[in-house]
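Hello,

I am handing this structure over to you. Please take a look, then read the notes below.

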Amino acid sequence: MNRALRWTAWVVTVVVLLAVVFLVYANIVMQGTRSAALQVWRDDRVAVRDAGDSVVMTPTGADDGRGIVFIPGAKVDPYAYLATFRQVVASGTTVVITKPTLNLAFFDTRPLSTFEAHAPGVRSWAVGGHSLGGVRACQLAKDAEGLLLLGSYCANDIARSAVQVLSVSGSRDGLSTPEKVAAARDELPSTARMVEIAGVNHADFGAYGDQPGDRSATISREDARAQISAAVQDWVRTLG
């Protein structure tokens, strides 16, 4: 009896310790670069508000009636993507950046409607994500008109879907490498728009500094951000 109790206590202790370690790990995020975020806050073309479960970016000028629910990469601060979408929002598109459960997209089971409710005036929604967030976005693509992948790729087959896809990747991405993106191309519809930007690495899709395992970018963050933004803006115009 005593041996069984000691074994049970040991197992419970290990489980609790592992849970604590995981919670600590999940809550240590890659913080957004303060200066890049402040530039967006000060841009009078863009309104930013924290909706609790997400960060909502809306245009203060003409609104094109389109929106993107965007899912961050694993353990990346949602505010790190403000700079990524600054020009997209300024041109008229609403962007709702989610705050995933435990900062990991796979633990977030909320439907797109949860985040779409923050912008009821939007008539056409796309879903997107960076890295692991893009993998999760692929799973939600059936409920959207468009799918935006930034430094990411699908793990599920949506090749027969009518969803309009834009995949923007970087030639210097050390995590979602060009080889991985190419290998997963068959998971996407034949109409998917594939854009590889020379010199861009994985962290260039957000503003949160360097990321372990990534390769060094060979163009400036400003240049990378401008090219990513231009690709997204061009694609958004094709949505309903």
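The structure holds three aromatic pairs. Rings of Phe, Tyr and Trp (its six-membered ring) pair if their centres lie within 6.5 Å; planes under 30 degrees apart count as stacked, over 60 as edge-to-face and the rest as tilted.

Some background. This is a predicted model, where local features need pLDDT of at least 70, side-chain atom pairs count only at pLDDT 80 or more, and totals for chains, interfaces and linings use all residues. Residues are numbered from 1 along each chain as its sequence is written, and side-chain values use heavy atoms, without hydrogens and water.

Trp41 and Tyr79 are one of the pairs. Their ring centres are 6.4 Å apart and their planes at 20°, so they are stacked. Trp41 sits in helix H2 (residues 34-41) and Tyr79 in the loop between strand E3 (66-71) and H3, so the pair ties together parts 38 residues apart in sequence. Helices (H or I, at least four residues) and strands (E, at least two) are DSSP runs, numbered from the N terminus. Trp41 is partly exposed, with a relative accessible area of 42%. Tyr79 is partly exposed too, at 22%. Buried means under 20%, exposed over 50%, partly exposed in between (1.4 Å probe, protein chains only).

Phe70 and Phe85 have ring centres 4.8 Å apart and planes at 70°, so this pair is edge-to-face. Phe70 is in strand E3 and Phe85 in helix H3, 15 residues apart. Phe70 is buried, at 0% relative accessibility. Phe85 is also buried, at 0%. Phe70, Tyr81 and Phe85 form one aromatic cluster.

Best wishes
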